Every structure is written in structure tokens, then in C-alpha cells.
Amino acid sequence: MPEHSTDLAVIVFSRILSDPLYKALNDDGHIIIAYPGHRHLYSLRECIYKEVRDTHSSPEKHLGDQFERIDERHVEYPLEINDPEMLNNLLMMTPHGQRAANSLTDVQRFSTTVDINLAVFKKSV
């Protein structure tokens, strides 16, 4: 990808690498980052771990001063799962999937919370 050739980058629950982003984005470039909120899949984590750790994450920690936050939205809603296969699919999309592969096999009904932050950053020039 040529340097400074991209208007927008979207990062969804992935590792943030500021230097490649900075090089790829043009001077008016923006990043949208979706990252987990404090309560994201909390009840799922309670089923897997004896002690649930805080999942506070901050994109600024990874972006440094190369980018400036210009907006943020918070999305939170309940999620009901009534199918063991769907629960397994959810588990496999998370970093918890390997640890929980056998711990929720008999669960027929499950409730949790989806808690996502959407942040918009612009490139600092």
C-alpha cells in the first residue's frame, strides 16, 4: 500500500499498530476503532474464569500523540442466546474460546451484555 494513500482505516477488536496506520493514512485520514467496553461479555467471562479481570482498554495508549480523538460513541445491549451452537460460535470469536471450549457445552440458554466503544481519531499532522 502506498504511503499516505488511505482516507479511512477501521479496526474492530484488533491490535492497534500506530506507525503503519500513520504511514498509510493521508493527512486528512481518520481511524474508527471498535473496542470492548467495561461490561462486554462480562457474564460469559464469569462462566469461564474464577476471577474476572477488568478489561478497560484505551486506544490512545497505542496511538500515542500521532492521532487525536474527535468523537466516541458507546453501544450497549443485552444478548440472549438460545442455541448451544450459537454460543459456541460466539466463544470462538473471542480470546476466551480456547479456555472455554468445554465449560459451556451443556448450556441451553445464555444471557450476556454486548458493550462496545466506537472511537474516531484523526491523524495529527
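**Close-up views**

**View 1. Asp71 and its salt-bridge partner, Arg73.** Asp71 is partly exposed, because its relative accessibility is 31% (buried is under 20% relative accessible area, exposed over 50%, partly exposed in between; 1.4 Å probe, protein chains only). Everything here comes from a predicted model, where local features need pLDDT of at least 70 and side-chain atom pairs count only at pLDDT 80 or more, while totals for chains, interfaces and linings use all residues. Residues are numbered from 1 along each chain as its sequence is written, and side-chain values use heavy atoms, with hydrogens and water left out. Asp71 pairs up with Arg73 through a salt bridge, 3.1 Å from N to O (a Lys or Arg side-chain nitrogen within 4 Å of an Asp or Glu carboxyl oxygen). On the other end of that pair, Arg73 counts as exposed because its relative accessible area is 53%. There's also a network here: salt bridges with shared partners link Glu60, Arg69 and Glu72.

**View 2. Glu72 meets Arg69.** The structure holds 4 salt bridges.

**View 3. Asp27 reaches over to Lys123.** The closest N and O atoms of this salt bridge sit 4.0 Å apart. Asp27 is in strand S2 and Lys123 is in strand S4, so the pair ties together parts 96 residues apart in sequence (strands are DSSP E runs of at least two residues, helices H or I runs of at least four, numbered from the N terminus).

**View 4. S2 and the strands it pairs with, S1 and S4.** S1 (residues 6-12) runs parallel to S2, and 6 bridges join them (strands pair if DSSP finds at least two bridges between them). Across that pairing, Leu8 stands opposite His30 in S2. S2 covers residues 25-36 and includes Ile32, which is partly exposed because its relative accessibility is 30%. S4 (residues 110-123) runs antiparallel to S2, with 7 bridges between them. Look for Ile31 here: its bridge partner in S4 is Phe121.

**View 5. Asn117 in strand S4.** Asn117 counts as buried because its relative accessibility is 12%. What does Asn117 touch, leaving aside neighbours within four places in sequence? Its contacts (heavy atoms within 4.5 Å) are with Ile33, Ala34, Tyr35, Pro36, Gly37, Glu72, Arg73 and His74.

**View 6. His40, in the loop between S2 and helix H2 (42-48).** His40 is another residue to check for cover: it's buried because its relative accessibility is 14%. Skipping neighbours within four places in sequence, His40 is in contact with Phe13, Arg45, Thr113, Val114, Asp115 and Ile116. Glu3 lies 37 residues from His40 in sequence, and their C-alpha atoms are 35 Å apart in space.

**View 7. Lys61 in helix H3 (residues 59-63).** Lys61 is exposed, because its relative accessible area is 64%.
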